[in-house]
Amino acid sequence: MRRPFIAGNWKMNSTRADGIALVQGIASNLPADCSVEVAVCPPSIYLDAIVSAAGDSPIGVGAQNIYFEASGAFTGEVSAAMLKDVGCQYVILGHSERRHIFGESSSLINKKVHAALAGGLIPIVCVGELLEERESNKTADVVAEQFYGSLAGVSAEQMETIVLAYEPVWAIGTGKVATPEQAEAVHADLRKVIATRYNSAVADKVRIQYGGSVKPDNAAELLSQPNIDGALVGGASMKADSFLGIIAGAK
Ligand code: PEP
(Lines give C-alpha, C1' and ligand atoms only; values in the text may rest on other atoms or scores of the structure.)
Protein backbone atom coordinates (compact mmCIF):
# COMPACT_ATOMS: atom_id res chain seq x y z
CA MET A 1 0.00 0.00 0.00
CA ARG A 2 1.58 3.30 -1.09
CA ARG A 3 0.88 6.31 1.12
CA PRO A 4 -0.38 9.25 -0.97
CA PHE A 5 2.07 12.14 -1.06
CA ILE A 6 1.10 15.72 -1.96
CA ALA A 7 3.94 18.22 -2.31
CA GLY A 8 3.77 21.91 -3.16
CA ASN A 9 6.43 23.47 -5.37
CA TRP A 10 6.44 27.19 -4.64
CA LYS A 11 9.09 27.82 -7.32
CA MET A 12 10.49 31.40 -7.14
CA ASN A 13 7.35 32.79 -5.48
CA SER A 14 6.24 34.11 -2.11
CA THR A 15 7.77 36.34 0.52
CA ARG A 16 9.04 35.24 3.90
CA ALA A 17 5.89 36.48 5.66
CA ASP A 18 3.49 35.04 3.06
CA GLY A 19 5.29 31.70 3.13
CA ILE A 20 5.06 31.49 6.92
CA ALA A 21 1.35 32.39 6.81
CA LEU A 22 0.77 29.81 4.07
CA VAL A 23 2.40 26.90 5.90
CA GLN A 24 0.64 27.85 9.12
CA GLY A 25 -2.67 28.07 7.26
CA ILE A 26 -2.16 24.58 5.84
CA ALA A 27 -0.98 23.14 9.18
CA SER A 28 -3.89 24.51 11.16
CA ASN A 29 -6.48 23.14 8.71
CA LEU A 30 -5.05 19.68 8.06
CA PRO A 31 -7.43 17.03 9.36
CA ALA A 32 -6.13 15.47 12.59
CA ASP A 33 -6.35 12.00 11.05
CA CYS A 34 -4.68 13.03 7.78
CA SER A 35 -3.36 9.89 6.14
CA VAL A 36 -1.67 11.81 3.35
CA GLU A 37 2.03 12.75 3.44
CA VAL A 38 2.28 16.51 2.86
CA ALA A 39 5.27 18.70 2.04
CA VAL A 40 5.99 22.22 0.86
CA CYS A 41 9.04 23.22 -1.16
CA PRO A 42 9.74 26.94 -0.75
CA PRO A 43 12.64 28.93 -2.25
CA SER A 44 15.88 27.97 -0.47
CA ILE A 45 16.24 31.39 1.18
CA TYR A 46 13.04 30.73 3.15
CA LEU A 47 13.63 27.07 4.06
CA ASP A 48 14.81 27.79 7.59
CA ALA A 49 11.80 30.03 8.30
CA ILE A 50 9.34 27.55 6.79
CA VAL A 51 10.79 24.62 8.75
CA SER A 52 10.28 26.68 11.94
CA ALA A 53 6.77 27.71 10.91
CA ALA A 54 5.83 24.09 10.14
CA GLY A 55 6.92 23.31 13.69
CA ASP A 56 5.67 19.97 14.94
CA SER A 57 2.90 19.78 12.33
CA PRO A 58 3.04 16.80 9.95
CA ILE A 59 4.10 19.07 7.07
CA GLY A 60 7.52 18.18 5.70
CA VAL A 61 9.75 20.69 3.96
CA GLY A 62 11.71 20.20 0.76
CA ALA A 63 14.10 22.20 -1.40
CA GLN A 64 13.80 22.73 -5.14
CA ASN A 65 17.40 21.97 -6.09
CA ILE A 66 20.87 21.12 -4.75
CA TYR A 67 24.41 20.98 -6.03
CA PHE A 68 26.06 17.56 -6.02
CA GLU A 69 29.33 18.50 -4.32
CA ALA A 70 29.49 18.41 -0.52
CA SER A 71 31.12 21.84 -0.05
CA GLY A 72 33.69 24.14 -1.58
CA ALA A 73 34.10 26.86 -4.18
CA PHE A 74 30.71 26.60 -5.90
CA THR A 75 29.39 30.13 -5.73
CA GLY A 76 25.64 30.37 -5.44
CA GLU A 77 25.06 26.68 -4.74
CA VAL A 78 23.61 24.79 -1.76
CA SER A 79 24.57 21.24 -0.70
CA ALA A 80 22.44 18.36 0.54
CA ALA A 81 24.10 18.62 3.96
CA MET A 82 23.09 22.29 4.23
CA LEU A 83 19.47 21.43 3.46
CA LYS A 84 19.53 18.63 6.01
CA ASP A 85 21.08 21.04 8.51
CA VAL A 86 18.09 23.40 8.27
CA GLY A 87 15.59 20.56 8.61
CA CYS A 88 14.68 19.65 5.03
CA GLN A 89 13.51 16.13 4.28
CA TYR A 90 13.02 16.26 0.51
CA VAL A 91 14.52 17.81 -2.59
CA ILE A 92 12.89 18.18 -6.01
CA LEU A 93 15.34 17.16 -8.73
CA GLY A 94 15.05 17.26 -12.50
CA HIS A 95 12.03 19.56 -12.59
CA SER A 96 11.29 20.47 -16.21
CA GLU A 97 12.19 24.10 -15.47
CA ARG A 98 15.64 22.90 -14.34
CA ARG A 99 15.92 20.62 -17.40
CA HIS A 100 14.67 23.11 -19.98
CA ILE A 101 15.46 26.60 -18.65
CA PHE A 102 18.75 25.75 -16.92
CA GLY A 103 19.80 22.99 -19.31
CA GLU A 104 20.17 20.26 -16.69
CA SER A 105 20.85 16.87 -18.24
CA SER A 106 19.81 13.54 -16.80
CA SER A 107 23.49 12.82 -16.01
CA LEU A 108 23.75 16.02 -13.91
CA ILE A 109 20.45 15.17 -12.21
CA ASN A 110 21.86 11.69 -11.51
CA LYS A 111 24.80 13.22 -9.60
CA LYS A 112 22.35 15.31 -7.59
CA VAL A 113 20.22 12.24 -6.84
CA HIS A 114 23.26 10.44 -5.42
CA ALA A 115 24.24 13.53 -3.40
CA ALA A 116 20.71 13.83 -2.01
CA LEU A 117 20.61 10.16 -1.01
CA ALA A 118 24.06 10.36 0.58
CA GLY A 119 22.91 13.44 2.50
CA GLY A 120 19.77 11.74 3.83
CA LEU A 121 17.25 13.63 1.69
CA ILE A 122 14.39 12.01 -0.21
CA PRO A 123 14.65 12.99 -3.87
CA ILE A 124 11.47 13.79 -5.77
CA VAL A 125 12.70 13.06 -9.29
CA CYS A 126 10.68 14.61 -12.12
CA VAL A 127 10.30 13.21 -15.62
CA GLY A 128 8.03 14.33 -18.43
CA GLU A 129 7.73 14.93 -22.14
CA LEU A 130 7.39 18.11 -24.21
CA LEU A 131 4.24 18.65 -26.27
CA GLU A 132 6.04 17.86 -29.53
CA GLU A 133 7.37 14.62 -28.01
CA ARG A 134 3.82 13.59 -27.01
CA GLU A 135 2.51 14.50 -30.45
CA SER A 136 5.15 12.33 -32.08
CA ASN A 137 4.36 9.40 -29.78
CA LYS A 138 7.68 9.61 -27.95
CA THR A 139 6.29 9.99 -24.41
CA ALA A 140 7.14 6.48 -23.20
CA ASP A 141 10.68 6.64 -24.63
CA VAL A 142 11.40 10.12 -23.25
CA VAL A 143 10.15 9.25 -19.77
CA ALA A 144 12.04 5.92 -19.70
CA GLU A 145 15.23 7.62 -20.92
CA GLN A 146 14.94 10.30 -18.22
CA PHE A 147 14.28 7.58 -15.63
CA TYR A 148 17.33 5.49 -16.60
CA GLY A 149 19.61 8.52 -16.92
CA SER A 150 18.54 10.28 -13.74
CA LEU A 151 18.58 7.12 -11.61
CA ALA A 152 21.69 5.33 -12.89
CA GLY A 153 23.57 3.51 -10.14
CA VAL A 154 20.70 3.78 -7.65
CA SER A 155 20.31 0.54 -5.62
CA ALA A 156 16.97 -1.21 -5.14
CA GLU A 157 16.92 -0.15 -1.46
CA GLN A 158 17.51 3.47 -2.44
CA MET A 159 14.93 3.30 -5.24
CA GLU A 160 12.21 2.28 -2.79
CA THR A 161 12.72 5.57 -0.93
CA ILE A 162 12.73 7.80 -4.01
CA VAL A 163 9.57 9.56 -5.17
CA LEU A 164 9.01 10.00 -8.91
CA ALA A 165 6.91 12.78 -10.36
CA TYR A 166 5.49 12.45 -13.85
CA GLU A 167 5.04 16.00 -15.08
CA PRO A 168 4.15 16.42 -18.75
CA VAL A 169 5.83 19.72 -19.63
CA TRP A 170 2.81 20.88 -21.66
CA ALA A 171 0.64 20.64 -18.52
CA ILE A 172 2.86 22.60 -16.15
CA GLY A 173 1.49 26.03 -15.33
CA THR A 174 -0.66 25.98 -18.48
CA GLY A 175 -4.05 24.97 -17.06
CA LYS A 176 -3.96 22.03 -19.54
CA VAL A 177 -4.13 19.04 -17.22
CA ALA A 178 -3.47 15.54 -18.55
CA THR A 179 -6.64 13.48 -18.50
CA PRO A 180 -6.69 10.83 -15.76
CA GLU A 181 -6.38 8.20 -18.53
CA GLN A 182 -3.36 9.92 -20.14
CA ALA A 183 -1.62 10.28 -16.77
CA GLU A 184 -2.46 6.76 -15.63
CA ALA A 185 -1.08 5.27 -18.86
CA VAL A 186 2.31 6.94 -18.33
CA HIS A 187 2.38 6.06 -14.62
CA ALA A 188 1.63 2.42 -15.43
CA ASP A 189 4.40 2.41 -18.08
CA LEU A 190 6.81 3.98 -15.61
CA ARG A 191 6.00 1.32 -13.03
CA LYS A 192 6.78 -1.34 -15.65
CA VAL A 193 10.11 0.38 -16.35
CA ILE A 194 10.91 0.26 -12.61
CA ALA A 195 9.99 -3.45 -12.51
CA THR A 196 12.25 -4.14 -15.49
CA ARG A 197 15.17 -2.18 -14.04
CA TYR A 198 14.69 -3.56 -10.49
CA ASN A 199 11.85 -5.99 -9.77
CA SER A 200 8.11 -5.89 -9.19
CA ALA A 201 8.45 -5.58 -5.39
CA VAL A 202 10.41 -2.33 -5.83
CA ALA A 203 8.00 -1.13 -8.53
CA ASP A 204 5.07 -1.74 -6.16
CA LYS A 205 6.67 0.42 -3.47
CA VAL A 206 7.77 3.47 -5.47
CA ARG A 207 5.37 6.38 -5.27
CA ILE A 208 4.73 8.23 -8.52
CA GLN A 209 3.19 11.68 -8.24
CA TYR A 210 1.44 13.41 -11.11
CA GLY A 211 2.18 17.09 -11.70
CA GLY A 212 0.73 19.58 -14.16
CA SER A 213 -2.14 21.95 -13.43
CA VAL A 214 -3.51 19.89 -10.52
CA LYS A 215 -6.36 21.79 -8.85
CA PRO A 216 -8.94 20.92 -6.19
CA ASP A 217 -11.53 20.19 -8.88
CA ASN A 218 -9.43 17.69 -10.85
CA ALA A 219 -7.35 16.17 -8.01
CA ALA A 220 -9.72 13.45 -6.80
CA GLU A 221 -10.16 11.89 -10.24
CA LEU A 222 -6.44 11.94 -11.01
CA LEU A 223 -5.56 10.60 -7.57
CA SER A 224 -8.08 7.77 -7.81
CA GLN A 225 -6.08 6.18 -10.64
CA PRO A 226 -4.34 3.00 -9.48
CA ASN A 227 -0.80 4.13 -10.35
CA ILE A 228 -1.09 7.80 -9.31
CA ASP A 229 0.17 8.06 -5.75
CA GLY A 230 0.06 11.78 -5.15
CA ALA A 231 0.67 15.12 -6.76
CA LEU A 232 3.41 17.66 -7.21
CA VAL A 233 1.54 20.95 -7.27
CA GLY A 234 2.77 24.33 -8.48
CA GLY A 235 0.28 27.20 -8.76
CA ALA A 236 -2.45 25.65 -6.61
CA SER A 237 0.00 25.08 -3.73
CA MET A 238 0.29 28.84 -3.18
CA LYS A 239 -3.09 29.15 -1.47
CA ALA A 240 -3.93 27.16 1.65
CA ASP A 241 -7.52 26.50 0.54
CA SER A 242 -6.61 25.08 -2.84
CA PHE A 243 -3.70 23.02 -1.51
CA LEU A 244 -5.95 21.62 1.24
CA GLY A 245 -8.60 20.86 -1.40
CA ILE A 246 -6.04 18.79 -3.33
CA ILE A 247 -4.95 16.99 -0.13
CA ALA A 248 -8.62 16.18 0.53
CA GLY A 249 -8.80 14.65 -2.97
CA ALA A 250 -6.04 12.19 -2.09
CA LYS A 251 -8.06 10.29 0.47
C1 PEP B 1 5.11 22.13 -11.08
O2 PEP B 1 5.72 23.18 -11.14
O3 PEP B 1 5.71 21.12 -10.70
C4 PEP B 1 3.71 22.13 -11.45
C5 PEP B 1 3.12 20.97 -11.60
O6 PEP B 1 3.10 23.35 -11.66
P7 PEP B 1 1.51 23.62 -11.87
O8 PEP B 1 0.78 22.81 -10.84
O9 PEP B 1 1.35 25.08 -11.67
O10 PEP B 1 1.20 23.16 -13.24
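The shell of residues around the ligand divides into 5 nonpolar, 7 polar and 1 charged, where Ala, Val, Leu, Ile, Met, Phe, Trp, Tyr, Cys and Pro count as nonpolar, Asp, Glu, Lys and Arg as charged, and the others, Gly among them, as polar. Of these 13 residues, Ile172, Gly173, Gly211, Gly234 and Gly235 come nearest to the ligand; a residue is near a molecule if its C-beta atom, placed from the backbone, lies within 6 Å of it. The model is predicted, so local features need pLDDT of at least 70 and side-chain atom pairs count only at pLDDT 80 or more, while totals for chains, interfaces and linings use all residues. Residue numbers run from 1 along each chain as its sequence is written.

An unreviewed UniProt entry lists His95 and Glu167 under "active site"; such annotations may be inferred rather than shown by experiment. His95 is found in the loop between β4 (90-93) and α4 (96-100), helices (H or I, at least four residues) and strands (E, at least two) being DSSP runs numbered from the N terminus. Glu167 lies in the loop between β6 (163-166) and α9 (180-197).

His95 is buried, with 27 other C-beta atoms within 10 Å; the cut-offs are 20 or more such atoms for buried, 12 or fewer for exposed, and in between for partly exposed. Glu167 is also buried, with 28. Not counting residues up to four places away in sequence, His95 touches Gln64 and Cys126, contact requiring C-beta atoms, placed from the backbone, within 7 Å.

Helices α5 (residues 106-118) and α7 (residues 139-150) have axes that come within 7 Å and cross at roughly 45 degrees. This makes α5 oblique to α7, since angles under 35 degrees count as roughly parallel, over 145 as roughly antiparallel, 65 to 115 as roughly perpendicular and the rest as oblique. The residues of this contact divide into 2 nonpolar, 6 polar and no charged.

Most residues other than glycine have a negative phi. Asn137, in the loop between α6 (131-135) and α7, has a positive phi near 55 degrees and is exposed, with 8 C-beta neighbours inside 10 Å. Ser213, in the loop between β7 (207-211) and α11 (216-223), has a positive phi of about 60 degrees but is buried, with 21 other C-beta atoms within 10 Å.

Methods
Contact = placed C-beta atoms within 7 Å. Axes fitted to C-alpha atoms, helices over the stretch in contact; angles between N-to-C directions.
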